[in-house]
Amino acid sequence: MRHVLAAASLAGALAVSTAGPAGATEYTSAVKLKGVQYDAPGADSNRCSGGNTKDEYLTIKNYSRTATVDLRGYVVKDATGNTFTFPAGHRLEPGDYVKLRGGRGTDSDAGNVVYRQNCNFIWNNDKDTIYLVKPNGSRADVHSYTKRANDADGNGYITFHG
């Protein structure tokens, strides 16, 4: 019985030591949350004209070395259920990324940007959980953050995966 408990204890220690950054659970998906600018620089203003919601963004990266990923149907959501579903036309080549920005604008696959076409902020400035969900409903990546624990320099940006 002591060997079973020792093995269980070691397995638990290994699980704790391999946990990812900012409260992450490691998923096998090649597409992951690279980082988030959860607090747009300046005073928050969600006005569609002259506001700064476009300065709040989530970077999603394809970490595969060989596979291209079509983001059509991928869903990004926060802890309270605010969601964005990627439309057709956004493909990530191996090593490529896209910035999902707030506000209104013109999406550009070549420019690596997609706009939520919504001028409300999605990420909380104190803490939140970000979910990236595959079209089949399984999780690709999830990260929780708190300003105090995960943003040591206070610039409003947190890196999840380098």
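This is a predicted model: local features need pLDDT of at least 70, side-chain atom pairs count only at pLDDT 80 or more; totals for chains, interfaces and linings use all residues.

Let's start at Asp151, which sits in the loop between helix 2 (147–150) and strand 11 (157–159). Asp151 is buried but has no salt bridge. Its nearest side chain of opposite charge belongs to Lys147, 6.0 Å away, and a salt bridge needs the nitrogen and the oxygen within 4 Å.

What Asp151 does have is a polar contact, side chain to side chain, with Tyr38 at 2.6 Å. Leaving out residues up to four places away in sequence, Asp151 touches Tyr38, Thr146, Gly156, Tyr157 and Ile158.

## The salt bridges

Side chains of opposite charge can pair when their charged atoms come close. How many salt bridges turn up in the whole structure? A search finds two.

One joins the side chains of Asp39 and Lys147 (3.9 Å, N to O). This pair links distant parts of the chain, 108 residues apart: Asp39 lies in the loop between strand 1 (31–37) and strand 2 (57–62), and Lys147 is in helix 2. Asp39 counts as buried because its relative accessibility is 16%, while Lys147 is partly exposed at 35%.

Lys54 and Asp55 also meet through their side chains in a salt bridge (3.9 Å, N to O). Here Lys54 is partly exposed, with a relative accessible area of 39%, and Asp55 is partly exposed at 27%.

## Val69 in strand 3

Over in strand 3 (residues 69–70) you'll find Val69. Is Val69 buried or exposed? With 13% relative accessibility, Val69 counts as buried.

Val69 and Ala30 are 39 residues apart in sequence, yet 8.6 Å apart in space, C-alpha to C-alpha. Not counting residues up to four places away in sequence, Val69 touches several residues, including Val31, Tyr74 and Leu92.

Note on methods:
Residues are numbered from 1 along each chain as its sequence is written. Side-chain values use heavy atoms; hydrogens and water are left out. Helices (H or I, at least four residues) and strands (E, at least two) are DSSP runs, numbered from the N terminus. Buried means under 20% relative accessible area, exposed over 50%, partly exposed in between (1.4 Å probe, protein chains only). Lys and Arg count as positive and Asp and Glu as negative; His and the chain ends are not counted. A polar contact is a pair of N or O atoms within 3.5 Å; within protein, one must be able to donate a hydrogen and the other to accept it, and residues adjacent in sequence count only if both atoms are side-chain atoms. Contact means heavy atoms within 4.5 Å.
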